[in-house]
Amino acid sequence: MEDKRPFWTSKYSFIITTIGSAVGLGNIWRFPYIMGQYGGAIFLAVYILLISTICFVPLMNELYIGKLTKKECVGAYEAISPKFKYLGALNPITGVLIAAFYFIVGGWIINYICKSFTCNQITDYGKYFTEYIQNPIYPCILTILFLFICIFFTARGVKKGIEAANKVLMPLLAVILIFLVIVSLNLPNANQGLEYMFKPDFSKLNSKMILAALGQAFFTLSIGMGALLTYGSYIKEDKSLVKSVYTIILSDTIFALLAGIMIFPAVFSFSMEPNSGAGLVFVTLPKIFSQVPFGNFISFAFFILLFCAALTSGISIVEGPCATLTERFNISRTKACVILFCLISVFAIPATLSFGVLENFKIFNKSIFDFLDFLTSNIMLPLNTLFLCLISGWYLKLNGHDVIKNRVLALFFNIGLKYIVPVALICLMFMGLN
Ligand code: TRP
């Protein structure tokens, strides 16, 4: 089995696919609205501080464990000690559950791409969005279509599918994003949006916001479900990971910042609310597109951008469970992908319907979609990261000095792995439960 494992063709491929995993709806959809809700610039300052320090530790750790064991999640945990096997299995399970709600948003994006050229006919965007997500048929079809596209690339394999898709989609994503940033910055009063993003108001600093920034940083870096571990396991050469890890963090942050610079000037230019939450991208922006010259085209470019970002992340979400199925059960990639397609659909369809016909079906007082989001983002992702940090730090006794040349960074890694990150994760989970 070991010989049959795929490897990245180059270091560039590894970095670009990992950035592809990191840059997703988390950057372009979630980051701006969470930043809007927590007061703009001050949130950004805290976020940058956390993503460049604390987040380095679990990101490096997850990739390193993959690279070290050269196995998918369950095998990697088992290689450390057979008693951790079941903890490892939590990773692909988390992957399937994340896929179920992430891909629903992917489906909405496909709808908005198709609607871009006819959206002038819409008068009330809020109503349009609510009515669309409540529809029992189209959103389900498009969720499944998005799932199918992700599975298709995953099934083609690491080199021909995952690498190939990322090598095309990521540069395209960067070009579209830069184009949209230029458009946005040329709108009247764009500087108000920039001020909102970059002029901190210290009175808005509080512990809830700090934890929200940390949660967002973990999510956007794809930490906590074995996607990175799996990607790390495909690294062939024995070079240090530190530079790659910082390249990934830096690129992800630049993408998030550019997404903010694209969205906030537009929002302020049209006197809209920056804190309108999850609807920012699906309600506020289309409203703006309908009022600018060449709005149809800009809307199309924007949703294609969102689609590329969601697709490269979606592929990484599927790859973890896919690698587990292929390697544990010794089946082909295609078979594993068919199984995953069915499995994810079983969760994704009820979750899609939970905005409409299944609205009244609640789990712990939450709709199926909200419950899946809550369970994965607030509990399972932090829990998986917590387990992996504790296992590496306390059981494997991973020593930063063996893997990181810079002595200060290595020391920080050691302390982070054993104490800082576990404590931060426990706080995050407690906050999530309240
Ligand atoms: N990081 C992606 C985003 O920002 C989402 C994502 C992909 C993810 N793979 C993941 C999140 C694994 C958590 C775990 O949209």
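A pocket here is an open set of points on a 1 Å grid over the protein atoms alone, where a 1.4 Å probe fits, with protein on both sides within 12 Å along at least five of seven lines.

The model is predicted: local features need pLDDT of at least 70 and side-chain atom pairs pLDDT 80 or more, while totals for chains, interfaces and linings use all residues. Residues are numbered from 1 along each chain, and side-chain values use heavy atoms, without hydrogens and water.

I then listed the lining (residues with an atom within 4 Å of a point). Of its 38 residues, Arg-30, Tyr-33, Ile-34, Asp-373 and Asn-378 are the closest to the pocket centre. The lining divides into 26 nonpolar, seven polar and five charged residues, with Gly counted as polar and Tyr, Cys and Pro as nonpolar. H17 gives the most, nine residues; helices are DSSP runs of H or I, at least four residues.

Next I checked H17 (368-395) against H19 (407-433): the angle is about 160° and the axes, lines fitted to C-alpha atoms over the stretch in contact, are 9 Å apart. H17 is therefore roughly antiparallel to H19 (angle over 145 degrees).

I noted the contact residues (heavy atoms within 4.5 Å), including Phe-374, Asn-378 and Trp-394 of H17 and Lys-418, Tyr-419 and Met-429 of H19. This contact holds 16 nonpolar, five polar and one charged residue.

How values were computed: Axes are lines fitted to C-alpha atoms, for helices over the stretch in contact, and angles run from 0 to 180 degrees between N-to-C directions. Helices (H or I, at least four residues) and strands (E, at least two) are DSSP runs, numbered from the N terminus. Angles under 35 degrees count as roughly parallel, over 145 as roughly antiparallel, 65 to 115 as roughly perpendicular and the rest as oblique.
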